[in-house]
Amino acid sequence: RMWVLGWLGMASLCLGAAGAVPAKDRRKEEKPKADLALYENLDLDNYELTLDNYGEILDLSNYEELYDYGDLAPKIEVGTLAPRPKETLPNLGATAETPKVQPPSTAGPIHPAPVPVQGLPSCLLCLCIGTSVYCDDADLEHIPALPPDTTYLYARFNRIGAVRAGDFTGLKKLKRIDLSSNSISWADVDAFRLLPSLQELILPENRLTALPELPLSIVRLDARLNRIPSAGLRPEAFRDLKQLQFLHLSDNQLDFIPAPLPESLRSLHLQNNNIQTMHEDTFCDSQDHSQVRRALEDIRLDGNPINLSLFPDAYFCLPRLPTGRFS
């Protein structure tokens with residue numbers, strides 16, 4: 001009888017060992033069953049996941065146990081540097097700093113400090129085209145240094161107050177100077193006299209009270225709208241200017257016609273002065289009644305207090321009478 005009981009005990013132990021499941025495996029089998037039961041009980045028709053019911057719908061307590069993270073790469077700590085590449089570039093010196101982006105400024109554009117206009121080269125301050133220099137409305141206070149081959153100078157509408165003797169030194173090719181609408185109150189005696197090629201000198205709308213000496217090559221002189229009295233002209237200032245054709249001195253303070261005038265003269269404008277009288281030899285040679293001055297056909301004396309009808313012998317050699325008052 002004892003033998004039978006011992007045999008039954010051994011048999012039950014073997015059966016128990018064969019049917020036993022390890023606790024770890026049993027836990028893995030139970031969890032999928034529990035997960036299936038969880039999802040079977042979900043009401044998907046009224047399913048609405050919000051931050052309030054997120055923890056009620058999904059059980060996060062065993063979330064980490066469902067997945068094995070052991071095969072993932074090791075974590076990279078924040079703040080560590082990346083490993084140096086196998087092939088490194090040669091050291092080229094100090095590394096340039098990354099430029100900092102400045103926020104846009106609302107204070108408006110920043111303009112560079114102004115450069116004094118008188119310190120600039122003439123062809124930067126002015127416009128040079130070929131041998132012509134254009135300095136109109138450039139805020140000049142005196143004549144700028146000009147290229148030696150300058151032929152034409154235009155410096156109108158500036159604030160030039162004087163013309164100095166050295167302003168045009170060495171400019172042997174200069175033919176035309178236009179200084180209209182400046183503030184020129186005086187010019188040195190030799191400011192223009194030594195220019196061998198000068199043909200046109202344009203000086204209207206200035207403040208001149210005297211005319212400087214002119215070169216023998218001058219063809220046109222325009223000094224309208226100044227303050228020149230007869231005392232501001234040298235005696236016989238125009239007699240030797242054998243090339244002079246246009247002499248315009250209107251709107252000044254002249255008391256008489258600046259005779260003698262060269263035979264080359266074609267146009268004489270003296271309107272709006274203070275001329276009251278003239279000599280009979282002003283235009284013609286009173287001793288030579290055969291004289292004819294065909295070139296001088298444009299004489300303007302209007303705007304003067306002179307009565308031209310009082311001097312009939314002064315015009316006999318002219319192709320036409322002067323413009324002015326005859327009564």
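**View 1. Pro-260 sits in the loop between strand E9 (246-248) and strand E10 (267-269).** The peptide bond from Ala-259 to Pro-260 is cis, with omega near -5°. Most peptide bonds are trans. Strands (E, at least two residues) are DSSP runs, numbered from the N terminus. The model is predicted: local features need pLDDT of at least 70, side-chain atom pairs count only at pLDDT 80 or more, and totals for chains, interfaces and linings use all residues. Residues are numbered from 1 along each chain as its sequence is written, and side-chain values use heavy atoms, with hydrogens and water left out.

**View 2. Asp-251 has a positive phi.** Its phi is near 60°, and Asp-251 is not a glycine. Most residues other than glycine have a negative phi. Asp-251 lies in the loop between E9 and E10. At 29% relative accessibility, Asp-251 is partly exposed. Buried means under 20% relative accessible area, exposed means over 50%, and partly exposed is in between (1.4 Å probe, protein chains only).

**View 3. Asp-137 is found in the loop between E2 and E3.** Phi is positive here too, at about 50°, although Asp-137 is not a glycine. Asp-137 is exposed, because its relative accessible area is 62%.

**View 4. Nine strands make up an open sheet with mixed pairing.** Their order is E1-E2-E3-E5-E7-E8-E9-E10-E11. Strand E1 (127-129) and strand E11 (298-300) are the edge strands, and each pairs on one side only. Two strands pair if DSSP finds at least two bridges between them. On average, neighbouring strands of this sheet are turned by 5° against each other, direction ignored. Those angles are taken between axes, which are lines fitted to C-alpha atoms; angles run from 0 to 180 degrees between N-to-C directions.

**View 5. E2 and E3 pair in the parallel sense over three bridges.** Ser-132 stands opposite Tyr-152 in E3. Over residues 122-152 the chain is 13% helix and 23% strand. Helices are DSSP runs of H or I with at least four residues. The end C-alpha atoms of this stretch are 13 Å apart.

**View 6. Tyr-134 and Tyr-154 are an aromatic pair.** The structure holds three aromatic pairs. This one is stacked, at 5.1 Å centre to centre and 5° between the planes. The pair links distant parts of the chain: Tyr-134 is in strand E2, Tyr-154 is in strand E3, and they are 20 residues apart. Rings of Phe, Tyr and Trp (its six-membered ring) pair if their centres lie within 6.5 Å; planes under 30 degrees apart count as stacked, over 60 as edge-to-face and the rest as tilted. Tyr-134 is partly exposed at 31% relative accessible area, whereas Tyr-154 is buried at 14%.

**View 7. Thr-151 is in the loop between strand E2 (132-134) and strand E3 (152-154).** Thr-151 counts as buried because its relative accessibility is 11%. Leaving aside neighbours within four places in sequence, Thr-151 is in contact (heavy atoms within 4.5 Å) with Thr-131, Lys-173, Leu-174, Lys-175 and Arg-176. The C-alpha atoms of Thr-151 and Lys-172 are separated by 8.5 Å, with the two residues 21 apart along the chain.

**View 8. Asp-167 lies in the loop between strand E4 (162-163) and strand E5 (176-178).** Asp-167 is buried, with a relative accessible area of 10%. Its side chain reaches the backbone nitrogen of Arg-164 at 2.7 Å. Beyond its neighbours within four places in sequence, Asp-167 is in contact with Ile-143 and Ala-162.

Terms used: Polar contact = N/O pair within 3.5 Å; in protein donor to acceptor, adjacent residues only side chain to side chain.
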